[in-house]
Amino acid sequence: MSEDVPAIPLPEPSAVSAPYWEATRSKRLAMQRCVNCSRLVWYPRLVCPHCGGDELAWETLSGRGVVYAVSAHHRPALPALADKVPYSVVLIDLTEGARIMSNVFGVPPQVGDEVDVAWVPLPDGRNLPTFECR
Ligand SMILES: [Zn+2]
């Protein structure tokens, strides 16, 4: 058995989320926007949850936002996160208007803190989006 620190499990994209994960190779936070009602759609889908429109276009977001909620973790949920505690599971209100779940590593942020996307490299060239306080 290896003594190596286990890796963060690789995300396995579906057909609909593949463009999202491809964008992370160039550290772009991509999200779908509904062509019919102009609202952002998160998570990636085939049909807009707001209006039922089926034409969704990918765009790159700023990666900026504000912390809406924080759950600080002092025990790792996965062995791969053992050296990252404390870390937080956070809800981020992105500047463009969508709310997403992500992580902040290190000192837990406060609700209302301004954050920017940060990237954890994955072994296959993709990057895992996390956030850090501005
Ligand atoms: Zn729509």
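Is Leu46 buried or exposed? I started with this residue in the predicted model. Leu46 has 11 C-beta neighbours inside 10 Å, so I put it down as exposed; the cut-off for exposed is 12 or fewer.

**Entry 1: around Leu46**

I looked up where Leu46 sits, and it belongs to the loop between strand 2 and strand 3. Next I checked what it touches. Leaving out residues up to four places away in sequence, I found Val16 and Asp54.

**Entry 2: the whole chain**

I then stepped back to look at the chain. I counted one helix and eight strands. The C-alpha trace spans about 50 × 35 × 20 Å along its principal axes.

How much of the chain is made up of buried residues? I got 20% of the 134 residues. I also checked contacts between residues at least 6 apart in sequence, and 46% of these join residues at least 24 apart.

**Entry 3: two domains**

The chain splits into domain 1, residues 12-60, and domain 2, residues 62-134. Their C-alpha centres are 20 Å apart. I wanted to know who takes part in the contact, and I noted eight residues from domain 1 and 11 residues from domain 2. On the domain 1 side I sorted the touching residues by class: five are nonpolar, one is polar and two are charged.

Which order do the strands take in the open sheet? I read it as 6-5-4-7-8, five strands with antiparallel pairing. The edges are strand 6 (99-105) and strand 8 (127-133), and each of these pairs on one side only. Ignoring direction, neighbouring strands are turned by 40° against each other on average.

I went through some of the pairs one at a time.

- Strand 4 and strand 5 run antiparallel and are joined by eight bridges. I found Ala72 opposite Ser88 of strand 5.
- Strand 4 also pairs with strand 7, again in the antiparallel sense, over three bridges. Here Gly65 has Val115 of strand 7 as its bridge partner.
- Strand 7 (residues 114-121) is joined to strand 8 by seven bridges, and this pair is antiparallel too. Val115 turned up again, standing opposite Cys133 in strand 8.

Gly65 is the bridge partner of Val115, and Val115 stands opposite Cys133. A reminder to myself about side chains: in a regular strand they alternate between the two faces of the sheet.

Another cis peptide bond joins Val85 and Pro86, where omega is about -5°. I located Pro86 in the loop between strand 4 (64-73) and strand 5 (87-94).

Lys27 has one, about 55°, and its place is the loop between helix 1 (18-23) and strand 1 (30-34). With 14 other C-beta atoms within 10 Å, Lys27 is partly exposed.

Ser38 is another non-glycine with a positive phi, about 70°. It is found in the loop between strand 1 and strand 2. Is Ser38 buried or exposed? I make it exposed, because there are 11 other C-beta atoms within 10 Å.

How values were computed
Residues numbered from 1 in each chain as written. Predicted model: local features only at pLDDT ≥ 70, side-chain atom pairs only at ≥ 80, totals over all residues. Domains from an automatic or database assignment. Contact = placed C-beta atoms within 7 Å. Nonpolar A, V, L, I, M, F, W, Y, C, P; charged D, E, K, R; others polar. Helix = DSSP H or I, 4+ residues; strand = E, 2+ residues; numbered from the N terminus. Pairing = 2+ DSSP bridges. Axes fitted to C-alpha atoms, helices over the stretch in contact; angles between N-to-C directions.
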